[in-house]
Amino acid sequence: MSKSGVYLVSATSVGEGKANSPTYTNPDDINLKMASEHQTGQTQNGNPFRGMGKEELLRHSSKPLWVRLRMICVAIILIAWLALIITVVALIFAYPKCKDKDSRSWWQNDVMYRIHVRSFYDSNDDGIGDLKGVHQKLDYVKDMGAGAISLSPIYSMDATKDDLSVKDHKLIDPDFGTLQDLKDLIKAVHDKGMRIVLDFIPNHTSDKHLWFLGSMDASNIQYKNYYVWSSQITNWNSVYGNSSWEMDSARNEYYLHQFKTGQPDLNIRSAMVVNELKDIMEYWMVTENVDGLFIRNSGYLFEDYDMRNETVSNTAGVTEDKYDYYNHEYTYGLESNRLLMSMFREVADNTSSKFLMADRRGTTTEKIQYYGSFPGSGVHISLNPIGMAPCSGNCIKDYVMDWVDNFSNNKWPNWMTGGEDMSRFASRFPANFSRPFYMLSMLLPGTPIIYYGDELGMTDLQATTEHVTTGLMQWENSTNAGWNCTNDCYNGVNSDFSTINVAAQMNKAGSLYEFIKGLSSLRTEDAFRYGEYHTAVTSNNIFSFVREFDGVTGYLVAINFGDNAETHDYTSSHGTIQSTATAVKTTGSDVGFSVDDDVETESLRLSPLQGIVVSWDFKAKEL
């Protein structure tokens with residue numbers, strides 16, 4: 001019998017107890033019962049209800065009602081999964097993405113330290129700072145927190161010993177040492193994870209340069225047009241006063257010198273000259289492996305092709321023989337200069353992406369033009385020397401935002417507090433202005449550039465001298481601040497060296513040196529190194545801003561640059577500022593907070609020329 005169904009098997013042998021033998025029911029005879037009958041113990045012909053067989057289940061499950069029900073359930077599940085996937089993908093795209101920490105270069109992250117080599121450190125007691133001296137003091141520079149050094153000109157120069165009177169762009173002047181000394185310095189810099197930038201002087205040379213000596217002979221085909229010569233002169237004045245034209249008796253023509261008489265201007269319109277300059281750049285950046293070049297006096301490179309006279313500036317009290325007597329629309333800041341920066345950038349990019357910076361007088365807009373119209377078409381940094389007078393919060397805001405509003409990947413801000421061509425920071429500003437401004441410039445987006453000695457508060461030389469900004473570095477409280485001047489030193493020192501010196505300030509809590517060192521350390525935090533910038537509270541006295549980066553501690557920097565104390569609720573100025581934050585750094589003990597103190601940012605009071613940095617833990621942004 002080939003029947004399917006449920007069978008009961010008895011353990012009793014057939015024939016035993018026949019009266020009680022089970023009765024086997026043919027499965028075909030079983031009638032369907034409702035589930036309720038089974039649940040209430042109802043039976044079919046006295047036997048328990050055993051449910052439907054396979055064929056019966058298949059027959060009922062094939063009915064349209066059950067098919068549709070299953071399809072609906074499957075569709076609901078599929079739609080739910082699809083909705084979940086869409087939600088997850090939408091959240092991924094909607095939630096703010098983390099920034100790439102490797103998106104910035106060394107020149108954007110490091111503090112740069114500008115060194116006037118002659119005045120920095122003398123390694124052989126001849127009274128002149130040298131390359132070995134810089135080498136010996138690298139640990140000092142690194143300890144302060146600088147990651148790059150920028151050196152004043154060290155090239156072979158004429159007897160005037162003017163750093164800009166270059167006789168040969170590829171030789172080292174004996175005053176500073178040898179080429180091997182420079183090679184050793186470069187290696188030491190790189191071994192310490194630092195960078196080195198050399199000056200590049202393309203505007204002019206010494207009149208003792210081989211090129212000029214050849215150019216004095218009009219029959220010399222190679223060098224004849226290397227300089228700007230003319231049989232007629234214009235009314236152009238030199239930076240040092242009087243005419244910028246000088247008659248050369250050998251050639252019987254005038255040559256142009258926008259600086260000193262012994263510094264003739266190169267003819268940058270000559271392709272041969274430009275190629276010579278490119279070759280010099282490649283030599284230093286490729287052969288000698290320096291990390292970048294500072295293009296000096298770049299605004300003077302081109303002059304008006306038609307040799308037009310300049311217009312009178314009408315500046316009060318300026319006589320006709322002075323530089324400022326005329327406007328300089330034909331001798332400074334010509335559009336061709338910007339185009340040349342683009343050509344120089346191409347050379348740098350073709351030499352393992354080396355670094356270029358340049359100086360340019362003028363408005364912020366004019367300086368920013370040096371960055372080029374698109375990424376990679378200009379210099380990496382167009383210098384922004386701090387030339388303003390002390391001013392209040394709104395004034396600082398205007399100054400900062402002038403640069404920050406133009407901030408992009410190819411227009412990187414910088415904050416240059418000193419250099420050879422300007423009075424020292426401590427001579428331009430009151431003593432109590434230094435710390436607030438260093439707190440500002442070191443923690444803003446951009447590259448801080450510190451001039452040697454400014455980290456100590458050195459001032460211009462008080463003695464009458466042409467080189468008031470290049471006084472000897474004040475190392476210690478001893479004769480001549482630690483310099484051996486038996487053979488006469490290059491320059492002098494100020495009488496305040498007994499207290500304003502390296503030995504007195506290193507490791508001394510509260511010193512200006514340690515303050516700047518602390519700011520350099522704070523700059524290495526991700527929020528400052530890579531983070532976003534947001535202006536917070538600003539007023540006639542207060543300037544403040546937030547630096548933050550996804551997943552790390554956020555910071556508020558608040559500084560009172562005015563004359564009156566002010567209390568503000570900073571939490572209302574930016575959404576991530578916490579009502580209770582932690583003090584990280586202050587401009588001094590007078591601020592009233594110590595490191596790690598709780599600070600109520602809803603009612604933070606700052607007196608004149610006080611500043612504070614506070615922090616809070618990162619909180620994920622809500623969508």
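User: What share of the 623 residues of the protein counts as buried?
Analyst: This is a predicted model, where local features need pLDDT of at least 70, side-chain atom pairs count only at pLDDT 80 or more, and totals for chains, interfaces and linings use all residues. Residues are numbered from 1 along each chain as its sequence is written, and side-chain values use heavy atoms, with hydrogens and water left out. Buried means under 20% relative accessible area, exposed means over 50%, and partly exposed lies in between (1.4 Å probe, protein chains only). Of the 623 residues, the share that counts as buried is 48%.

User: How many helices and strands does the protein have?
Analyst: Helices are DSSP runs of H or I with at least four residues, and strands are runs of E with at least two. Both are numbered from the N terminus. The count for the protein is 18 helices and 23 strands.

User: How are α15 and α17 oriented to each other, roughly parallel or roughly antiparallel?
Analyst: Helix α15 (residues 434-443) and helix α17 (residues 512-523) pack with their axes 9 Å apart, at an angle of about 20 degrees. Angles under 35 degrees count as roughly parallel, over 145 as roughly antiparallel, 65 to 115 as roughly perpendicular and the rest as oblique. The two helices are therefore roughly parallel.

User: How do the residues of the contact of α15 with α17 divide into nonpolar, polar and charged?
Analyst: Contact means heavy atoms within 4.5 Å. The residues involved include Tyr 438 and Met 442 of α15, and Phe 515 and Arg 523 of α17. Ala, Val, Leu, Ile, Met, Phe, Trp, Tyr, Cys and Pro count as nonpolar, Asp, Glu, Lys and Arg as charged, and the others, Gly among them, as polar. The division is nine nonpolar, one polar and two charged.

User: By how many degrees does the twist of the open sheet of six strands average from one strand to the next?
Analyst: The order of this sheet is β16-β17-β18-β23-β20-β21, and the pairing is antiparallel. Its edge strands are β16 and β21 (598-600). From one strand to the next, the twist averages 35 degrees.

User: Which strands of the sheet does α17 touch?
Analyst: Helix α15 packs on the sheet and touches β17, β18 (554-560), β20 (580-586) and β23 (611-616). α17 packs on the sheet too, and its direction makes about 130 degrees with that of β20. The strands that α17 touches are β18, β20 and β23.

User: Where is Asn 541, and is it buried or exposed?
Analyst: Strand β16 (residues 532-538) pairs with β17 (residues 542-548) in the antiparallel sense over five bridges. A hairpin of three residues joins them, and Asn 541 is found in this loop between β16 and β17. Asn 541 touches residues including Gly 393, Phe 561 and Glu 566. Because its relative accessible area is 6%, Asn 541 is buried.

User: Which residue in the turn between β9 and β10 has a positive phi?
Analyst: Strand β9 (residues 245-248) and strand β10 (residues 253-256) run antiparallel, joined by four bridges. Asp 248 stands opposite Glu 253 in β10. The hairpin has four residues between the strands, and the positive phi, about 60 degrees, belongs to Asn 252.

User: What distance separates the C-alpha atoms of Lys 322 and Asn 237?
Analyst: Lys 322 lies in the loop between β11 and α11 (335-349). Lys 322 counts as partly exposed because its relative accessibility is 43%. Lys 322 and Asn 237 are 85 residues apart along the chain, and their C-alpha atoms are separated by 6.8 Å.

Technical notes: Axes are lines fitted to C-alpha atoms, for helices over the stretch in contact, and angles run from 0 to 180 degrees between N-to-C directions. Two strands pair if DSSP finds at least two bridges between them. Lists of a residue's contacts leave out its neighbours within four places in sequence.
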